[in-house]
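Here is a friendly walk through one protein model, meant to be read with the structure open beside you. Shall we see what its side chains and backbone have to show?

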Amino acid sequence: MAEIPRRPLGVNVMKYLVVGAGFSGATFARLKAEQGHSVRVIEQRDHVAGNAYDSQKMGEPMVHRYGPHLFHTNSERVYKFLSRFTEWYEYRHRVRARVLGRVVPLPFNFLSIELCFSGRRPDEIKTAMREVFKDNQRVTLRELKAQESPHLNKTLYDFVYENIFENYTQKMWGMDLEKLGPTVADRVPLIAGYDDSYFTDRFQCMPAWGYTQLVKSMLDHENIEVVTGMRWRENGREYDRMYFTGSIDDYFGHYLGHLEYRSMSFELKSLATGELRDEKGTATMNLPDHPKVTRYSDMAVITKFPGENTVVVVETPGPYVPGVNEPYYPIPTGEARAMYHRYEKLAEDTEVGMRVRFGGRLGSYQYLNMDQAVAQAMKAAEEF
Ligand code: UDP
């Protein structure tokens, strides 16, 4: 049934321009449209849904073109909002890592300890963990380092640091873990037990018809016009306000310098599921000691595709080179944040701050998960 445009009496209808049709832009656009405003969304790629974009070929699973996207949130508000546009299927993400020739659960749990240490040491380490942590408690690397027991702060810490984090992080970010904010490694804690789920959130599920379909239904409103394949350009200001989800340094023409981002190449491999042999059933395999590749993901596992064939997405990170590849991850270091704040200040000190709000992973230069991007855009739509 077509939605009746809500233009409550007394509402001063404004023209909004939304740059970027990912989760952030689509959430903001939808809420503004529902408030009765007129919204134009422009997207430079030829599709909506940003990096969550997915597509499917005959006889193959739905493929996340820009790497696996696993929806998880503790926010009932975000979950309920998105549930207006999709149904879901339950999905628990499970990851394994190949470490010294063995395949072990990640987050590193008691089974990983048993598989990586020999002799009496697994029992000693598990006992030391049990003495200080609750069953299946998530323990960050820095919490582990702060423990008194040398089984934890030395034997286990050193092993996990050297074999799981050190090389992976160097590949992923082009720098050492110490240079990055601690929140990066906190994303992948250890587990004081045998639990092997990657996330702990209350809601863990995937959109039944994919993310692209979900974002399309968010944008399907008569107050919204969507244009894809169009790069934003300041254009005679045919709008009152703008929600900008591209890079803030790009917006300002790099006036204060280039913000750094990490890029990624995604290689898609079509395989018969049998080719994965013993790894079959593992959604994502991390390769901490591979020289270039960080991980690969079996899309048939993630989308519960029942067919004989699958597509594996292989991720190889690298530096972002403007004009050559895409910026995917803001760099979570103090220096990079400081440059971002100078851009924010520039916006505040000029009339830009009055009519432009920056949002999303690129616009707010934050390592946001999908649910955090939605929550941020919901807040922006209330305030701006
Ligand atoms: N990480 C690591 N080894 C791993 C998995 C993760 O060193 O096997 C570190 C790495 O720095 C990575 C961060 O933890 O960037 C966050 O990992 P996550 O799986 O959350 O990355 P995302 O899915 O956001 O790319």
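Let's start with Arg355, which sits in helix 12 (residues 352–355). Please keep in mind throughout that this is a predicted model. Is Arg355 buried or exposed? With a relative accessible area of 9%, Arg355 is buried, because buried means under 20%. Leaving aside residues up to four places away in sequence, Arg355 touches Glu234, Arg237, Tyr239, Asp240, Arg241, Met242, Tyr251 and Phe384.

Another buried residue is Thr73, whose relative accessible area is 0%. You will find Thr73 in strand 5 (residues 72–73). Which residues does Thr73 touch, not counting those up to four places away in sequence? They are Val78, Tyr79, Asp201, Arg202, Phe203 and Asp371.

Two packed helices are described by the angle between their axes and the distance between the axes. Here the pair to look at is helix 1 (residues 23–34) and helix 14 (residues 370–383), whose axes come within 8 Å and cross at roughly 35°. Their crossing is right-handed. On the helix 1 side, the contact is made by Phe23, Ser24, Thr27, Phe28, Leu31 and Lys32. Helix 14 brings Met370, Ala373, Val374, Ala377, Met378, Ala380 and Ala381 to that contact.

**Salt bridges**

How many salt bridges does the count come to? The count is 22, taking a salt bridge as a side-chain nitrogen of Lys or Arg within 4 Å of a carboxyl oxygen of Asp or Glu.

| Glu34 | Arg84 | 2.5 Å |

Take the Glu34 pair, a salt bridge with Arg84 in which the closest N and O atoms are 2.5 Å apart. This pair links distant parts of the chain, with Glu34 in helix 1 and Arg84 in the loop between helix 2 (76–83) and strand 6 (88–90), 50 residues apart. Glu34 is buried, at a relative accessible area of 11%, whereas Arg84 counts as partly exposed at 46%. There is a further partner to look for here: Arg30, Glu34 and Arg84 are linked in a network of salt bridges.

Arg98 counts as partly exposed, with 30% relative accessibility, while Glu279 is buried at 16%.

Asp250 lies in helix 9 and Arg231 in the loop between strand 12 (224–228) and strand 13 (241–244), so parts that are 19 residues apart in sequence are tied together. Asp250 is partly exposed, with a relative accessible area of 26%, and Arg231 counts as partly exposed at 45%.

**Backbone details in the loops**

Now for the backbone. The peptide bond from Leu106 to Pro107 is cis, with omega near -5°. Pro107 belongs to the loop between strand 8 (102–106) and helix 3 (110–116).

Ala49 is not a glycine, yet its phi is positive, at about 85°. Its loop runs between strand 2 (38–43) and strand 3 (54–56), and Ala49 counts as buried at 2% relative accessibility. His254, also not a glycine, has a positive phi of about 60°. This histidine lies in the loop between helix 9 (248–251) and strand 14 (261–272), and at 26% relative accessibility His254 counts as partly exposed.

**A nonpolar patch**

Which residues make a nonpolar surface patch of about 250 Å²? They are Leu111, Leu115 and Tyr194. Tyr194 is found in the loop between strand 10 (190–192) and strand 11 (203–207). With a relative accessible area of 44%, Tyr194 is partly exposed.

Note on methods:
Residues numbered from 1 in each chain as written. Predicted model: local features only at pLDDT ≥ 70, side-chain atom pairs only at ≥ 80, totals over all residues. Heavy atoms only, no water. Patch = residues over 30% accessible without salt bridge, like charges linked within 9 Å, V, L, I, M, F, W, Y side chains within 5 Å. Areas by Shrake-Rupley, 256 points an atom, 1.4 Å probe, with all protein chains shown as cover. Helix = DSSP H or I, 4+ residues; strand = E, 2+ residues; numbered from the N terminus. Buried < 20%, exposed > 50% of the residue type's maximum accessible area, 1.4 Å probe, protein only. Axes fitted to C-alpha atoms, helices over the stretch in contact; angles between N-to-C directions. Left-handed = near helix turned anticlockwise from the far one by under 90°. Contact = heavy atoms within 4.5 Å.
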